Amino acid sequence: TSISAALEINALGIASCGGRALASSSNRIAVYVTLQQNTASGWTTIRSWSATAIAATQVSGQYAVARGYTYRVNVIAYVYDGRGNIIETGSTSKTCVF
């Protein structure tokens, strides 16, 4: 499985978040994308998105964030067999300072 994460924050503080996953076969694949903010207490999830498709799927979304923090996008993908069992997982992340 190939997984990628995207995170860009424009000058207005709009975070464009995304995650993409490709399976090596025509199995069902689910992708979960979370946008997190780093505060004094650690990483906190502030928004999430998800999607499910066959063989490949992509998730994207936007969210307004505050200046002065570090943000990251976490992407987790699960590949399922025909019986609904998880046969492969993977994850990646991307960090951005605003």
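Predicted model: local features only at pLDDT ≥ 70, side-chain atom pairs only at ≥ 80, totals over all residues.
Trainee: In what order do the four strands of the open sheet lie?
Mentor: The pairing in this sheet is antiparallel, and neighbouring strands are turned by 15 degrees against each other on average, direction ignored. Two strands, strand 4 (42–54) and strand 7 (86–97), each pair on one side only and are therefore the edge strands. Read across the open sheet, the order is 4-3-6-7.

Trainee: How many bridges join strand 3 to strand 6?
Mentor: Strand 3 covers residues 28–39 and strand 6 covers residues 70–80, and the two run antiparallel.

Trainee: Which residue in the hairpin of strand 1 and strand 2 takes a positive phi?
Mentor: Strand 1 (residues 2–9) and strand 2 (residues 14–22) pair in the antiparallel sense over eight bridges, and within this pairing Ile-3 stands opposite Ala-21 in strand 2. Four residues lie between the strands of the hairpin, and the residue with a positive phi, near 85 degrees, is Gly-13.

Trainee: How many disulfides does a search of the whole structure find?
Mentor: The cysteine sulfur nearest to that of Cys-17 belongs to Cys-96 and is 9.6 Å away, whereas a disulfide needs the two sulfur atoms within 2.5 Å, so Cys-17 is in no disulfide. Cys-96, for which the nearest cysteine sulfur is that of Cys-17, is likewise in no disulfide. Cys-17 counts as buried at 4% relative accessibility, and Cys-96 is buried with a relative accessible area of 18%. The number of disulfides found in the whole structure is zero.

Trainee: What is the geometry of the aromatic pair formed by Tyr-32 and Tyr-78?
Mentor: The pair links distant parts of the chain, since Tyr-32 lies in strand 3 and Tyr-78 in strand 6, 46 residues apart. Tyr-32 is partly exposed at 37% relative accessible area, and Tyr-78 is partly exposed at 24%. With 5.8 Å centre to centre and 75 degrees between the planes, the pair is edge-to-face.

Trainee: Which side chain joins that of Gln-36 in a polar contact of 2.7 Å?
Mentor: Gln-36 has its place in strand 3 and counts as buried, because its relative accessibility is 10%. Residues that Gln-36 touches include Trp-43, Ile-46, Tyr-71 and Asn-74. A polar contact of 3.1 Å joins its side chain to that of Thr-45, while the side chain that joins Gln-36 at 2.7 Å is that of Arg-72.

Trainee: With which side chain does the side chain of Ser-25 make a polar contact?
Mentor: Ser-25 lies in the loop between strand 2 and strand 3, and because its relative accessibility is 33% it counts as partly exposed. Its C-alpha atom is separated by 26 Å from that of Val-73, which is 48 residues apart from Ser-25 along the chain. The polar contact, at 2.7 Å, is with the side chain of Asn-27.

Note on methods
Residues numbered from 1 in each chain as written. Heavy atoms only, no water. Axes fitted to C-alpha atoms, helices over the stretch in contact; angles between N-to-C directions. Buried < 20%, exposed > 50% of the residue type's maximum accessible area, 1.4 Å probe, protein only. Polar contact = N/O pair within 3.5 Å; in protein donor to acceptor, adjacent residues only side chain to side chain. Contact = heavy atoms within 4.5 Å. Phe/Tyr/Trp six-rings, centres within 6.5 Å; stacked < 30°, edge-to-face > 60°. Lists of a residue's contacts leave out its neighbours within four places in sequence.
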